[in-house]
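Biologist: Can you take me through this one? I'd like to go by helix packing and then a loop.

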Amino acid sequence: DKLKQMDQALSIILDSLDDSPTNECQVAFIFGDHGMTEDGNHGGGSREEINAALFAHFSPGCGDMRLAKDIDGSESGIRTEEAFQIVNQIDLVPTISFLLGLPIPFANLGGVIPSLLPPHSKMEKIAPIIATTLALNAAQVWRYLTVYSDTANKLPALDELHTVLQDAVGVYRSALAAGEDAEDSLAYREACAKLKLFLGEATGLGKRVWTRFNTFGMIVGASVVFLSLILGLPLWFRSPERQSKIHFYTGSECFQVAVTLILMAFQCILLTFSNSYINEEIKIIQFFLAIICIMIAGQGTGVTNTAMTPSTLFSDNAIPLLLPFCSRIGNLFVTGHGLDPSIHLHLAHSMFCFLPCMASLAFARWEAFRRGCTFSRKHALLDCATLFFLVWSWIEKRSPDPERNGFLFCRITLAIILFSGALLAFATRQEDFQKVSAHPNRILVDRVVTAGSKLLAFIMTVTGPSTAASSCIFLLSVWILLCITN
């Protein structure tokens, strides 16, 4: 049924192109992003998987498309002829750009597909058009490669590629110098072949540089992970009471360890061979997290032995169940970043979500100081002031007055964060060490909480209101993990 539905849709689209006005050139491209093996898999490097179909249908107003097929690079040898026969998916970018009359994107590495360029009006000499198009494409690709090589990483074999380009440009200039007498001469056809060869070589360079894998590094990394697991096995079986003796797990504990190891192997080994896993990675990790947290909660509440009562459901032993809940809820607020024009419609940017989250963050920061997790009242007040100016900046941005953009309060917020961060980094704080001389670890807790508060404030400043809700969920998740570990 789905195939019939797609056939009907394509039939309607192609018939509309055939019936379009003769003074308009319209084209429909039908292609896939990958191929497929006979057993239905994809994502590998076999010929069946990396090759995909490309179908282009032009309207009658585009002219005689058979003229472009005569330019096949056969005038300059087998290498150029092969360059015309190979079509990469990235070649659609410059081709569609020229068909729409738009500039080629700066970072494009594809080459124009000559057979998809329609002749202008009723001109029968297509070679000058294709040569000019390929020359513009070659100039764009060469500009990107040289800028990248000068500013990012030095590209290998760029001198050899430059030699190919100079040869093609020389032939093209000779064809231009011949004037109208060479409009469809061998010089233009040879220029097309040379320029297409350069574009093919540039694409090959990009594949060698940006699609390579460090096999040795992958083997070393996998070996380190495997050795760390083997060397850590004795520590897993040591008794907490007497480190010198070996502790053997009970049946339920062995089951939990086995499930954890299976999930680790499934996550780190098996799933990495499927490209579909990349798209669903968050959901799979959330599923694993839910399984582990249920096991932890079951161990504490005795789910495997007795029924869970309402009194134990909300006890401390059931706190791990909140962790996967926070993970699921967090997905609702990780939206609305960047230049999304509908950013004000997202839940995290709502007044009823943003303001309560900011109030909760300020309350949590002050409670951390009041309960003794941090010792500096000054830093607590500075962090609360940071959140206040963030709220004021958010109010300014929602104002209909275009001059009230909230930038001033954002700058004030960043200034407070930098100032308080410098105080945290360079203060001696001898009085804090005197207060907790009996518990030196509390100094580390104070530094981590204070620095973490400033980091969260900085992230909210540079990313926007969405981070307020995410920060609240993050703090709740941290509290849950502390409860589990304690």
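Biologist: How are H6 and H7 oriented to each other?
Modeller: This is a predicted model. In the model, H6 and H7 pack at an angle of about 160°, and their axes are 8 Å apart. The pair is therefore roughly antiparallel, the cut-off for that being over 145 degrees.

Biologist: And which hand does the crossing of H6 and H7 have?
Modeller: The crossing of H6 and H7 is left-handed.

Biologist: Which residues of H6 and H7 make the contact?
Modeller: From H6, they include Leu158, Leu161, Leu165, Ala168 and Tyr172. From H7, they include Tyr188, Ala191, Leu195, Phe198 and Leu205. Asp167 of H6 and Glu190, Lys194 and Glu201 of H7 are also among them.

Biologist: How does that contact split by class?
Modeller: The contact of H6 with H7 has 16 nonpolar and 4 charged residues, and no polar ones.

Biologist: Moving on to H3. At what angle does H3 pack against H7?
Modeller: Helix H3, residues 78–85, meets helix H7, residues 186–210, at about 70°, with the axes 9 Å apart. That angle makes H3 roughly perpendicular to H7. The H3 and H7 crossing is left-handed.

Biologist: Who makes the contact between H3 and H7?
Modeller: H3 supplies Arg79, Thr80, Ala83 and Phe84, while H7 supplies Cys192, Ala193, Lys196, Leu197 and Glu201. By class, this contact has 5 nonpolar, 1 polar and 3 charged residues.

Biologist: Which residues of H3 are buried?
Modeller: Thr80, Ala83 and Phe84 of H3 are buried. Seen down the axis of H3, the buried residues fall within an arc of 100°, so they line one face of the helix. That set packs against H7.

Biologist: What about H13, which of its residues are buried?
Modeller: In H13, residues 322–330, the buried residues are Leu323, Pro324, Cys326 and Gly330. Down the axis of H13 they fall within an arc of 155°, so they also line one face.

Biologist: Now the loop. Where is Leu155?
Modeller: Leu155 is in the loop between helix H5 (127–151) and helix H6 (158–177).

Biologist: Is Leu155 buried or exposed?
Modeller: Buried, because its relative accessibility is 6%, and the cut-off for buried is under 20%.

Biologist: What does Leu155 touch?
Modeller: Leaving out residues up to four places away in sequence, Leu155 touches Leu145, Tyr148, Ser149, Val209 and Trp210.

Biologist: What is phi for Ala157?
Modeller: Phi of Ala157 is near 60°, a positive value in a residue other than glycine. Most residues other than glycine have a negative phi. Ala157 is in the loop between H5 and H6, and it counts as partly exposed because its relative accessibility is 37%.

Biologist: Last, the whole chain. How many helices and strands are there?
Modeller: The protein chain has 19 helices and 2 strands. Buried residues make up 34% of its 486 residues.

Biologist: What share of its contacts join residues at least 24 apart?
Modeller: Among contacts between residues at least 6 apart in sequence, 63%.

Key:
Residues numbered from 1 in each chain as written. Predicted model: local features only at pLDDT ≥ 70, side-chain atom pairs only at ≥ 80, totals over all residues. Heavy atoms only, no water. Helix = DSSP H or I, 4+ residues; strand = E, 2+ residues; numbered from the N terminus. Buried < 20%, exposed > 50% of the residue type's maximum accessible area, 1.4 Å probe, protein only. Contact = heavy atoms within 4.5 Å. Axes fitted to C-alpha atoms, helices over the stretch in contact; angles between N-to-C directions. Parallel < 35°, antiparallel > 145°, perpendicular 65-115°, else oblique. Left-handed = near helix turned anticlockwise from the far one by under 90°. Nonpolar A, V, L, I, M, F, W, Y, C, P; charged D, E, K, R; others polar. Arc of directions from axis to C-beta.
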